[in-house]
Amino acid sequence: MKIAVCIKRVADSETRVKIGADGKSLDEAGVKFILNPYDEFAVEEALQRKEKAGAGEAVVIALGPPQAQETIRTALAMGADRGVLLQTDEVPADGLETAKVLAAELKDGGYDLILFGKMAIDDYNHQVGPMVAELLGLPCVTTVAHLEIAGDSGTAEREIEGGVEVVEFPLPAVLTIEKGLNEPRYPALKGIMAAKKKPLDVKPVTPGGGCGGGRGGGRVEVVARVPPPERKEGRIVGEGAAAVPELIRLLREEAKVL
Amino acid sequence: MSGVLAVLEQRDGVLRKVSHEVVTGARRLADASGGAGTVDAVVLAAGPVRGTDALGGFGADKVITLTNGAFGTYAPEGCATAIAARATSGRYDAVVFTASATGKDLAPRVAAKLGVALAQDITDLAVEGGAVIVVHPVYAGKALLKLKLTGTPVVVSLRPNVFTPVQRPRAGAAETVAVEVSAGRVRVKQVKAAEAGALDVGEAPIVISGGRGLKEPANFKVLEALAASFGGRAAVGASRAVVDAGWRPHSAQVGQTGKTVSPTLYIAVGISGAIQHLAGMRTSKVIVAINKDKDAPIFKVADYGIVGDLFEIVPRLTEEIRKLHG
Amino acid sequence: MAPKFQGVDFYDVDALLSEEERAVRDTVRAWVDDNVIPVIGEAYVAGHFPTQLVPGMAELGLFGANLPEEYGCAGLDNVAYGLIMQELERGDSGLRSFASVQGALVMYPIYTFGSEEQKKQWLPQMASGKVIGCFGLTEPDFGSNPSGMLTLARETKAGWVLNGAKMWITNGSTAHVAVVWAKTGAIDDPESIRGFLVPTNTKGFSAKDQKGKLSLRASDTSELVLQDVHVPTEALLPQSAGLKSPLLCLTQARYGIAWGAVGAAMACYDEAVSYAKNRLMFGKPIGGFQLQQARLAEMLTEITKAQLLCLQLGRLKDQGKATPQQVSLAKRNNVNMATEVARETRRLLGANGILAEYQAMRHLANLESVYTYEGTHDIHTLILGQEITGISAFG
């Protein structure tokens, strides 16, 4: 089984977000970068599928700056076989541009499965996986929370509002992975040492130029990055169950939500 | 915007309420050019859909039901093909989805088919100087991105619960068109329903979340009782700590690696308020916190707080809410 | 897997670490966040070592991580090894003690003084956590002065017979094998001290839990009794020779402790900062008061100094240049520093600081043991005094 996992280097979720001087970018000073947490589930799934099949290859692919090599090595330390960095200094804000670059790399790879995390925790774009599937003409299931594969077809479960969809699909396919599909392993210390010796291809790419489709082409462009509005200071209504009637009154008369 | 296509959702032949929000958002775009724009609302189904007659009230000029035998359940590939074809033939300037589980799956497929950019899960939109400007929360709401979309059509999905439906009566003329598309290779075989009446935390107007303060999984029944007292309008959520501990399913998790919710009322019970939890609920309209530790960070974002033993406070609250609804 | 704990790094010491060293640190840090932090307070109050964590530590490769890969170990450099100790002790000194004993006090002497057969027999099993070891040097009446030990080993036709008692033995009741140090010659001849590998199920060997500890409660501390314990000739660590052999082991362990103490201090400082920012008193966060700011400034300063101290010591060790006296300086300084940081955090936390829900008092109580074991603070003072003046002030 040959599996590709598309991963992303993102700012740590514990990071305090500071906005850059241009008012558009993230101020990266002091920010720690990690492997996107949802991608960890995708990497783990690839490793488990490969281990179960007893043969094959797990390839991790990232679009990002030179430092994303370290992110790739995290996946290699977990057990992936080799990495590809599609190197660019500017990761596009536009999901379709990213998808086009990835699709070009994946096209002739002969992969049985192409996995993504369901989204990246930095841009919340939530779109690159299914876009890659469209560009490659492959079937796609998003936010997979349960997966079974038998021969050249698979069954996935994805959560929808108030229920779960059970979805069948043929391989090869693109899947985006939800948290909880598996329990990602910690890279063992030996794995960390071994990762240094695994192949990592660096290929310069130039994404961008807009999407060029539709009737007017166009793209997504970041105009500004702003902090969320502060919530106004709340108040302690009181202590214990005795404060409940006052809370009810405030919710009815002041907040008007009851 | 002269023409906006609003993509609705139905389940089992009944229009989902979130569709009202989609029409409302679409109407805002259409009105941005001086009220001249039209909103066509489209729903994909196997047959007639109940509830579409109300859409005129929210600003739909036309309600188009695209029927196909495969559309009884969600057919990702067939639906994407049908919507992309409609978007092209109708020469719309914008296509608006809801950022539901289905909408977030469908919108990227359609955008890729059309070859245009997409902004998912947006919380605001406006037209400035001919371009669509949207607000897209990133880093779990720790920052907001203002994005300029210049494609034609512009494709967006709207975060549920944010675009409060408003009455903007238009004709709402009904039209049914049978479409011929293949269902595609990805097929929904079954939809396992959650417990009867259970609302999704992402869509419920009231969310009551519990954390470690609940002490053990069985104690969530206290929160379930409170949710029930709201008469089917409330869902029970959970903090990452208790989801990681296996007390509650991941689908209930609110926060950075769970769901981002914006209910009218959010009640945090026994949740200290880790930054990653706050990220998932800070856009709620009103936040109530119940915690034994008066220094818990949750009180900093809460509009109203009660300090004390949740096992005394929550039952009392349940009782009072029941009286109100009694 | 990214760790929740953000660490303390005021001087961008991270920039001095290699990518692998950072990766090792982050892995252990995340593992501690996920597996240790949620359970350690409870284990501490209950007074038992969380044995369920051992397989996870082994799977990561934490035991004897600086020993070579051919024996099933991770083959890390000494800085990476130190960072592991730092992160484990950020969880609890008991956990770090467990790993120190397993790696530096049992695997290390087997690796250094053992025969090839002994290395092949024991090291892979210990790296995988299947065999747990303990180190028997200290005796009830001989702590800082191990040369006075009374445990004797006498040669028999079939091997050796051991008699004696050992005290304050970490992992003593959990261990499958004990490295026991005993005199093979006259009772007043420390040069006759040699090491023996004694399976703990050998007849005449018994271990008894030490009760009533108010420190290192999440750690197994035992008393060992050896009464006519017969072991074969192959139990002897052939290269061990004299008191300097166990002391060499202690230098290894002390090196890890110097790093571990920084971890405990970082945990306390992190707790102090977050508490100072959130706890309101007189209508503002207590972090807004000069007295608390002075506490925090002092803590950060001392932690930063200690971090640089360990790092350079580790680099020297990797070059084979670190001296036992340099290790003494780091152990002495860093443990004392960590104890002070824990105490100041405990105080900054006010009444909450005495609860097991917070970390400071647990670390404080633990560090009082760490201050005393592996060469007390005072003994390291004398080691440095002798190094400076050339005059021994022992005894």
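Domain 1 and domain 2 of chain B bury about 660 Å² between them, and carbon and sulfur atoms give 50% of that area. Buried area here is the accessible area (1.4 Å probe) that two parts lose on being put together, summed over both. Three residues of domain 1, Ala140(B), Lys142(B) and Arg159(B), supply 63% of the area that domain 1 of chain B buries against domain 2, more than any other three residues.

This is a predicted model, in which local features need pLDDT of at least 70 and side-chain atom pairs count only at pLDDT 80 or more, while totals for chains, interfaces and linings use all residues. Residues are numbered from 1 along each chain as its sequence is written, chains are lettered from A in the order in which they are written, and side-chain values use heavy atoms, with hydrogens and water left out.

Where do the two domains lie? Domain 1 of chain B covers 3-178 and domain 2 covers 206-325; such bounds come from an automatic or database domain assignment. Their centres, taken over C-alpha atoms, are 31 Å apart. Each domain brings eight residues to the contact, meaning heavy atoms within 4.5 Å. Zero salt bridges are counted between them. A salt bridge is a side-chain nitrogen of Lys or Arg within 4 Å of a carboxyl oxygen of Asp or Glu. One residue pair is in polar contact across this interface (both at pLDDT 80 or more). A polar contact is a pair of N or O atoms within 3.5 Å; within protein, one must be able to donate a hydrogen and the other to accept it, and residues adjacent in sequence count only if both atoms are side-chain atoms.

Stay in chain B for one residue. Asp31(B) sits in helix H1 (residues 18-31); helices are DSSP runs (H or I, at least four residues), numbered from the N terminus. Its side chain makes a polar contact with the side chain of Arg27(B) at 2.7 Å. Another, of 2.5 Å, joins the side chains of Asp31(B) and Arg168(B).

Now turn to chains A and B. Here 85 residues of chain A are in contact with 91 residues of chain B. The two chains bury about 7700 Å² between them, 56% of it on carbon and sulfur atoms. Eight salt bridges cross this interface. One joins Asp244(B) to Lys179(A), with the closest N and O atoms 3.6 Å apart.

Conventions. Helices (H or I, at least four residues) and strands (E, at least two) are DSSP runs, numbered from the N terminus.
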